[in-house]
Amino acid sequence: AGVYLVARTYPLFEAVPQALTVVAVIGGFTAIFAATMGLASNDIKRILAFSTVSQLGYMMLALGAGSLTAGMFHLFTHAFFKALLFMAAGSVIHSVGTNDITEMGGLRKVMPRTYATMVIGGLSLAGFPLFSGFWSKDEVLATAATGGGPILLAFGVITVFLTDFYTFRMLF
């Protein structure tokens, strides 16, 4: 709702460039901080929840860096691949009986459809080329590079690498 609120009131934020800078910096910090929380968790639902918070920060970074389009594009792509991930995670939790990823493993052969959907959602979340997350994250990074400066670009790039790490940790 916060991303949508900032997007709807974007002309007000554009009128005060310092407000956009505050949005971008807080969004970038949130993206990195929540990604590190996802790295530290072993609960599959918590990893996905921290991932959502991180991606919301990423969207705010895009809005603050000056692109309404990139922020909303990532909001829409994120909604679809994260819904896929949460449904697949629910299927895994129901089958295994635990949320702890350290007690999961070898499910590819037992649950091939769930595995395939989890991989598709995970690759999109990680920003793998030709998946929806790749295109929207590319727009966010391009916005951060052109309109945000080196610090916001660094926030974005660090977040991408942290996201890749906890996503593949969860999948493996």
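Predicted model: local features only at pLDDT ≥ 70, side-chain atom pairs only at ≥ 80, totals over all residues.
I noted a volume of about 410 Å³ for the largest pocket. I then looked up its lining of 19 residues, of which Leu-107, Tyr-115, Met-170, Leu-171 and Phe-172 lie nearest the centre. The elements that I recorded as giving two or more residues to this lining are helix H6 (107-110), H7 and H9. H7 supplies the largest share, five residues.

I next examined how H7 and H9 pack. The axes of H7 (residues 112-126) and H9 (residues 150-171) come within 9 Å and cross at roughly 170 degrees. From H7, I listed Met-118, Val-119, Gly-122, Leu-123, Leu-125 and Ala-126, which meet Thr-163, Asp-164, Tyr-166, Thr-167, Phe-168, Met-170 and Leu-171 in H9. I sorted the residues of this contact into nine nonpolar, three polar and one charged.

I found that the axes of H4 (residues 44-65) and H5 (residues 68-96) come within 9 Å and cross at roughly 175 degrees. That angle makes H4 roughly antiparallel to H5. On the H4 side I noted contact residues including Leu-48, Thr-52, Gln-55, Tyr-58 and Met-59. On the H5 side, those I noted include His-74, His-78, Lys-82, Phe-86 and Ile-93. For the contact of H4 with H5, I recorded 14 nonpolar, six polar and two charged residues.

Definitions and conventions: Residues numbered from 1 in each chain as written. Heavy atoms only, no water. Axes fitted to C-alpha atoms, helices over the stretch in contact; angles between N-to-C directions. Helix = DSSP H or I, 4+ residues; strand = E, 2+ residues; numbered from the N terminus. Contact = heavy atoms within 4.5 Å. Nonpolar A, V, L, I, M, F, W, Y, C, P; charged D, E, K, R; others polar. Parallel < 35°, antiparallel > 145°, perpendicular 65-115°, else oblique. 1 Å grid on protein atoms, 1.4 Å probe; cavity = no way out; pocket = protein on both sides within 12 Å on 5 of 7 lines; lining within 4 Å. Points joined across faces, edges and corners; volume = space filled by probe spheres on them.
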